[in-house]
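Subject: Handing over the structure

Hello,

Here is the structure I promised to pass on to you. Have a look at it first, and then read on for what turned up in it.

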Amino acid sequence: MSSVPPPGPQAAAPPGLDPERLRGHLDGVLPGLVAGPLSARLIEGGRSNLTYDVTDGRSRWVVRRPPLGHVLATAHDMKREFRVISGLHPTAVPVPAPVLLCEDDSVLGAPFYVMEFVEGTPYRTAEELAPLGPERTRAAVFGLVDTLVELHAVDPVAAGLGDFGRPEGFLDRQLRRWGKQLDASRNRELPGIDALHAALGEALPASPAATVVHGDYRLDNVLIGGPDDTTRAILDWEMSTLGDPLTDLGLLVMYGTKLDLPASPVSTTASAAGHPTTDEIVARYAQASGRDVSAVHWYTAFAWFKLAVILEGIHYRYTLGQTVGAGFDRIGELVPVFIQHGLTTLTTPRKG
């Protein structure tokens, strides 16, 4: 979904998507949508659900489906992703237009959905941001924060998402959920992760009013484009629900922290010239949203914990030979780094 040429007409079918079967299904459900044979390519960069760029030579779409192997319970729900972008599309929140949801596993081997292709760039590293220069980089990241405020301002009931989650007891339930996700992928010792999990549970903050939360909000899960480097579309809604909006802010702060891990397959853009500091990100969000952010250190520590669990799940799939793409061989060594960041962050509340 970035500014790259579409897949060529003779491109080999990527794992997990059969273009002929996909076209047959689209022709049956939405006659006239597809003008010719489909070709597809896997969009690299994702570590969870698989995303494909699909074209008939005239139009382009994006297809999302679960990973090919080990799937943690509730983690890859295509119906939920499709529902949330359908609900948000009429609002001011930028999301791709939904096209079709298919829950029939016989088509591609798993449920999937189709949405419009949006031009834009998902910036994954400081090096990718460098050509923008300091001023444009700063504006793009502040725009990311402003878009998050817009998301959290949506009335879930008005968007048809009033029953999209259970806000009561959200943080406690999240901690239990991610503890179970960790247990589902345990195949080695991870010093400190159980201590971090327990410490988070002992210091639960009081949540503000519930909103739609993205669950994985960061610069490389949005598309930036246009003359003003605006947020053109928010992607990857697999973890979205109704809950505590500060969980999104904590994750954004985590990804705004310099990791200093050269050649890491998991990186942040924080070292890019002009990138706002974490204090500036928090202040921008607080001013625009009017929310109390004094407990953001807890939410940031929770983000470190959640990412450690996610990375461990990916590492587990890698050990089983069930990953697609490059960079998975180094995921496992990052997990202890995220655990340590979580422990440090939780015991160092923000000042001011």
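**The open sheet and its helices**

Five strands make up an open sheet, with antiparallel pairing and the order 1-2-3-5-4. The edges are taken by strand 1 (39-42) and strand 4 (98-102); each has a single partner strand, so one side of each is left without a neighbour in the sheet. From one strand to the next, the twist averages 25 degrees. Please keep in mind as you read that this is a predicted model.

Within this sheet, strand 2 (residues 50-55) and strand 3 (residues 60-65) are joined antiparallel by 6 bridges. If you want a spot to start looking, find valine 54, which sits opposite tryptophan 61 in strand 3.

Which helices lie across strand 4? One of them is helix 1 (residues 19-29), which lies across strand 2, strand 3, strand 4 and strand 5 (112-116). Its direction is at about 110 degrees to strand 4. Helix 2 (residues 78-88) lies across strand 3, strand 4 and strand 5, and runs at about 155 degrees to strand 4.

Next, turn to strand 7 (residues 222-225) and strand 8 (residues 230-234), an antiparallel pair with 4 bridges. Here glycine 225 faces threonine 230 in strand 8. The two strands form a hairpin with 4 residues between them, and glycine 226 in the turn has a positive phi of about 80 degrees.

Aspartate 229 belongs to the loop between strand 7 and strand 8. Its phi is near 50 degrees, a positive value in a residue other than glycine. Is aspartate 229 buried or exposed? Its relative accessibility is 8%, below the 20% limit, so aspartate 229 counts as buried.

Aspartate 236, in the loop between strand 8 and strand 9 (241-243), also has a positive phi although it is not glycine, with a value near 55 degrees.

**Buried places in the helices**

In helix 7 (residues 193-202), the buried residues are Ile193, Leu196 and Leu200. Looking down the axis of helix 7, you will find these buried residues within an arc of 60 degrees, so they line one face of the helix. Their cover includes helix 6 (170-184), helix 10 and helix 11 (331-346).

Helix 10 (residues 296-319) is also where you will find alanine 303. Alanine 303 counts as buried because its relative accessibility is 2%. Beyond its neighbours within four places in sequence, alanine 303 is in contact with Gly250, Leu251 and Met254. Valine 118 is 185 residues away from alanine 303 in sequence, and their C-alpha atoms are 28 Å apart.

Threonine 137 is part of helix 5 (residues 133-153). With a relative accessible area of 1%, threonine 137 is buried. What does threonine 137 contact, leaving aside its neighbours within four places in sequence? The contacts are Leu129, Leu132, Ala272, Ala273, Gly274 and His275.

**Salt bridges**

Aspartate 146 lies in helix 5 and arginine 284 in helix 9 (residues 278-289), so the pair ties together parts that are 138 residues apart in sequence. Aspartate 146 is partly exposed, at 27% relative accessibility, and arginine 284 is partly exposed too, with a relative accessible area of 32%.

Arginine 60 and aspartate 53 meet through their side chains in a salt bridge of 2.5 Å, N to O. Both arginine 60 and aspartate 53 are buried.

The side chains of arginine 330 and glutamate 333 also meet in a salt bridge, at 2.9 Å from N to O. Arginine 330 counts as partly exposed at 24% relative accessibility, as does glutamate 333 at 44%. Elsewhere, salt bridges with shared partners connect Arg41, Asp53, Arg60 and Glu119 into one network.

Enjoy exploring the model!

Best wishes

Technical notes
Residues are numbered from 1 along each chain as its sequence is written. This is a predicted model: local features need pLDDT of at least 70, side-chain atom pairs count only at pLDDT 80 or more; totals for chains, interfaces and linings use all residues. Side-chain values use heavy atoms; hydrogens and water are left out. Buried means under 20% relative accessible area, exposed over 50%, partly exposed in between (1.4 Å probe, protein chains only). Contact means heavy atoms within 4.5 Å. Two strands pair if DSSP finds at least two bridges between them. The arc is that of the directions from the helix axis to the C-beta atoms. Axes are lines fitted to C-alpha atoms, for helices over the stretch in contact, and angles run from 0 to 180 degrees between N-to-C directions. A salt bridge is a side-chain nitrogen of Lys or Arg within 4 Å of a carboxyl oxygen of Asp or Glu.
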